[in-house]
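Student: I would like to go through this model with you. Could we begin with the ligand?

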Amino acid sequence: MKILVPVKRVIDYNVKVRVKPDQSGVELANVKMAMNPFDEIAVEQALRIKEAGQAEEVVLVSVGPQQSQETIRTGLAMGADRGIHIEAGQDVEPLAVAKLLTAVVGKENPSLVLCGKQAIDDDSNQTAQMLSALLGWSQATFASGVELAGDKANIIREVDGGLEHIEVSMPAVISVDLRLNEPRYASLPNIMKAKKKPIDSLSVDELGVDISPRLTVLKVEEPEARQAGIKVESISELVDKLKNEAKVI
Ligand code: AMP
């Protein structure tokens, strides 16, 4: 069995994101980029499935600029087998990514696609759902537990107020949540090995997908700055302020 893991290059989660002066988007120049954290979790899960003898190959695919190959290399250093880079701009919309991934699935024939639940740059949370619809495959989103059993996958999903246990038939698209696992660090020997692992390049034209945008970003704004907090001297002062100033009790 082959597992495909789509990995996106996004602004590193430690970076304080700044809006461009013309409000057309966020500043990307000279900003540290990294693999989307949920995609690291998806790579880790794919590797664990392979290590358990339930998959033979883990293939990473990234849609984005040339530097997305660095993101693929990061996943190869974790232990994935090979990568596919689809050269495109930074802002390919989820539907276009899902269409490109559908074309890659047609070429690669994986039994499982493990995505992140959302990319932390635009927080779309759409690609996995659209991909499963385009493929006509089962869908399991926000997985915090994944167990494969023959032609079924048992998934634990984090939902409001508890955990939902579902069984889906394979092939499936699964999107992973934060608590599924803790991704491994790449060891130095594996970083060296990753340099020799193959990354194929595919063009959007070759895959026959129209990626022209359907959405127009009108404006991006910083969130309103939070007001400074205050310290209270006693519980009674706190209760008084909650009652008479904040009017929440
Ligand atoms: P989104 O729907 O944009 O929040 O992204 C959800 C997941 O889809 C991500 O965690 C990735 O696994 C995958 N994905 C989204 N955009 C890309 C991209 N440009 N390249 C590769 N994978 C992507």
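**Ligand and surroundings**

Tutor: The side chain of N36 has an N or O atom 3.1 Å from an oxygen atom of the ligand, a polar contact being a pair of N or O atoms within 3.5 Å (within protein, one must be able to donate a hydrogen and the other to accept it, and residues adjacent in sequence count only if both atoms are side-chain atoms). This is a predicted model, in which local features need pLDDT of at least 70 and side-chain atom pairs count only at pLDDT 80 or more, while totals for chains, interfaces and linings use all residues. Residues are numbered from 1 along each chain as its sequence is written, and side-chain values use heavy atoms, without hydrogens and water.

Student: How far is an oxygen atom of the ligand from a polar backbone atom of G116, and from one of S124?

Tutor: For G116 the distance is 3.0 Å. For S124 it is 3.4 Å.

Student: How much of the ligand's accessible area does the protein cover?

Tutor: Of the 480 Å² that the ligand has on its own, the protein covers 98%. Accessible areas come from the Shrake-Rupley method with a 1.4 Å probe; for residues, only the protein chains shown count as cover.

Student: Changing topic, where is S175?

Tutor: S175 lies in strand 10, residues 172-176. Strands (E, at least two residues) and helices (H or I, at least four) are DSSP runs numbered from the N terminus.

Student: Is S175 buried or exposed?

Tutor: S175 counts as buried because its relative accessibility is 1%; buried means under 20% relative accessible area, exposed over 50%, and partly exposed in between (1.4 Å probe, protein chains only).

Student: What does S175 touch?

Tutor: Leaving out residues up to four places away in sequence, S175 touches C115, G116, K117, A128, A140, T141, F142 and A143, with contact meaning heavy atoms within 4.5 Å. G116 also has the backbone atom 3.0 Å from a ligand oxygen.

Student: And G161, where is that found?

Tutor: G161 is in the loop between strand 8 (152-159) and strand 9 (162-169). G161 counts as exposed because its relative accessibility is 89%.

Student: Finally, how many helices and strands does the protein chain have?

Tutor: There are seven helices and 11 strands. The chain has 249 residues, of which 42% count as buried.
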